Protein chains: 2
Amino acid sequence: MAEAPRKKARLPAGDRRALLEDAARACMARGGIREFTVDRIVAEAGVSRGLITHHFGSMDGLLVAVYARMYREWMEVIEAPRPGLSRIEAIIEALVSPELFDRDVLNIWLTLWGEISNNPVLREAHRQLYGDYRATIAAALREAAQANGRELDADTVASAFICLVDGFGVQRCVEPALLTEADARAACRAFLGPHVGPF
Amino acid sequence: MAEAPRKKARLPAGDRRALLEDAARACMARGGIREFTVDRIVAEAGVSRGLITHHFGSMDGLLVAVYARMYREWMEVIEAPRPGLSRIEAIIEALVSPELFDRDVLNIWLTLWGEISNNPVLREAHRQLYGDYRATIAAALREAAQANGRELDADTVASAFICLVDGFGVQRCVEPALLTEADARAACRAFLGPHVGPF
DNA sequence: GCTGATACTATACAACCGTTCAGCAAGGAT
DNA sequence: ATCCTTGCTGAACGGTTGTATAGTATCAGC
């Protein structure tokens, strides 16, 4: 006979934190910032009301943790090596992959952007991470341009490219039918081609 | 001696509606959807708590009204004739103009996108208006391409172009320093040039 | 087996949420 | 002068918000 499931078993601190972060993301994916509330999140996670404050200090603390985890997972997919593809191609494929080009994921991002724009605590957290993202894209662009013997202002192009990608996210949230994964890939390639040359 | 200001003077119904819409936008520009509350809005407008329900039935009603007005004003600037410029150039100049390329305006849009994505009432309102926007852009693209004797899938390119523009909005809200009006203009032209030819 | 730290629960709290509604004020019609 | 309609107020409602905190369970070190 299997062990009877002990109620309220002790868990390593990290597990419970991750559980709450996942629950918070599920709520945000479902209903944006309006679902990011203590009651919804603890109900989703199946824990007591006090646990959020216990682990994160405040709702802002949890919000920052969610942002950090979203960012980390995003970058993992972006930076994953894809055999046979150049770095810039790999990035484009990552951006239209099921992991990143996903309504739930993008709805969480849309929600986070809205908060970054208005919440000083999250804005500060964003500032620290965002530079890395742009630098990664810019490095891939520089690499592709060099392979074709071209000059380019990698930072500026990377910035505009990120705008395009963020816009895909918006579009996919507000008008999902209008933008397929193939459209997004084609738009990325059409956008970057003139700047870095064939890839 | 001037007329003594009468308190609670009667106003045409439309004026009071517009007053509330403006107050709601001021709140959203300041703090996103979290500031879109009855108390904040009526305080901003200097009217009583009951007035929102009286004129709009509910907060969702006001939200739809705000969206409709944002859309109308956006389109007015987009469609304004600009002597000496082609239609597509005029649209790009409109997009980077002080009226549209404005932190407050774009923060309201970012807030509205987040709501469209999660609020069925607003999503329905959006669906009806959005098609017109895309059609306007697509028509300008077709015109430019024809002038250069080119073929293009105007709807698809318009859709991707709108993504780019929406992404500018996101970027300007979450990282205002990184994207100047000149950057945005240059990115628009670089994006459209390869599709429609010189303009 | 005690002690102290840690993980967690559950209640309580004041503040705020959107909506309802009774009533007042002002003007037009009769 | 009296009614009715309309624009608007302001109090009241039940429900939800985030946080503070007292109390309970569990485990490591001794």
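B:Glu21 and B:Arg69 are both buried. Their side chains meet in a salt bridge, with N and O 2.4 Å apart. This pair joins distant parts of the chain, since B:Glu21 sits in helix α1 (residues 13-31) of chain B and B:Arg69 in helix α4 (residues 59-79) of chain B, 48 residues apart. Please keep in mind as you read that this is a predicted model. Over all chains, the count comes to 30 salt bridges, and a rotation of 180° superposes chain B on chain A.

**Salt bridges inside chain A**

- A network of salt bridges links A:Glu21, A:Asp22, A:Arg25, A:Arg69 and A:Glu73.
- Another salt bridge pairs A:Glu89 with A:Arg189, and their closest N and O atoms are 3.6 Å apart.
- Here, too, distant parts of the chain are linked: A:Glu89 belongs to helix α5 (residues 87-95) of chain A and A:Arg189 to helix α9 (residues 181-196) of chain A, 100 residues apart.
- Is A:Glu89 buried or exposed? With a relative accessibility of 17%, A:Glu89 falls under the 20% limit and so counts as buried.

**How the two copies are related**

- Two copies of a chain are related by a rotation about an axis and a shift along it.
- In this model, the rotation that places chain B on chain A is 180°, the shift along its axis is 0.0 Å, and the RMSD is 0.0 Å.
- The two copies are therefore related as by a two-fold rotation axis.
- Both copies use the same surface, as 100% of the contact residues of chain B recur in chain A.

**The contact between the chains**

- How many residues does the contact take from each chain? The contact takes 43 residues from chain B and 43 residues from chain A.
- The size of an interface is often given as the accessible area lost when the parts come together.
- Between them, chain B and chain A bury about 3200 Å², with 58% of this area on carbon and sulfur atoms.
- Which three residues supply more than any other three of the area that chain B buries against chain A? They are B:Arg34, B:Cys163 and B:Val174, which supply 16% of that area.

**Polar links and helices at the interface**

- Two salt bridges are counted between chain B and chain A.
- A:Arg34 forms a salt bridge with B:Glu115, and the closest N and O atoms of this pair are 2.6 Å apart.
- Across the interface of chain B and chain A, 13 residue pairs are in polar contact.
- On the side of chain B that touches chain A, the elements giving two or more residues are α1, α6 (103-118), α7 (120-147), α8 (154-174) and α9 (181-196) of chain B.
- The largest share of that side, 13 residues, comes from α8(B).
- Sorted by class, the side of chain B that touches chain A has 21 nonpolar, twelve polar and ten charged residues.

Note on methods:
Residues numbered from 1 in each chain as written. Chains lettered and ligands numbered in written order. Predicted model: local features only at pLDDT ≥ 70, side-chain atom pairs only at ≥ 80, totals over all residues. Heavy atoms only, no water. Salt bridge = Lys/Arg side-chain N within 4 Å of Asp/Glu carboxyl O. Helix = DSSP H or I, 4+ residues; strand = E, 2+ residues; numbered from the N terminus. Buried < 20%, exposed > 50% of the residue type's maximum accessible area, 1.4 Å probe, protein only. Least-squares fit on C-alpha atoms with pLDDT ≥ 70 in both. Contact = heavy atoms within 4.5 Å. Buried area = accessible area lost by both parts, 1.4 Å probe. Polar contact = N/O pair within 3.5 Å; in protein donor to acceptor, adjacent residues only side chain to side chain. Nonpolar A, V, L, I, M, F, W, Y, C, P; charged D, E, K, R; others polar.
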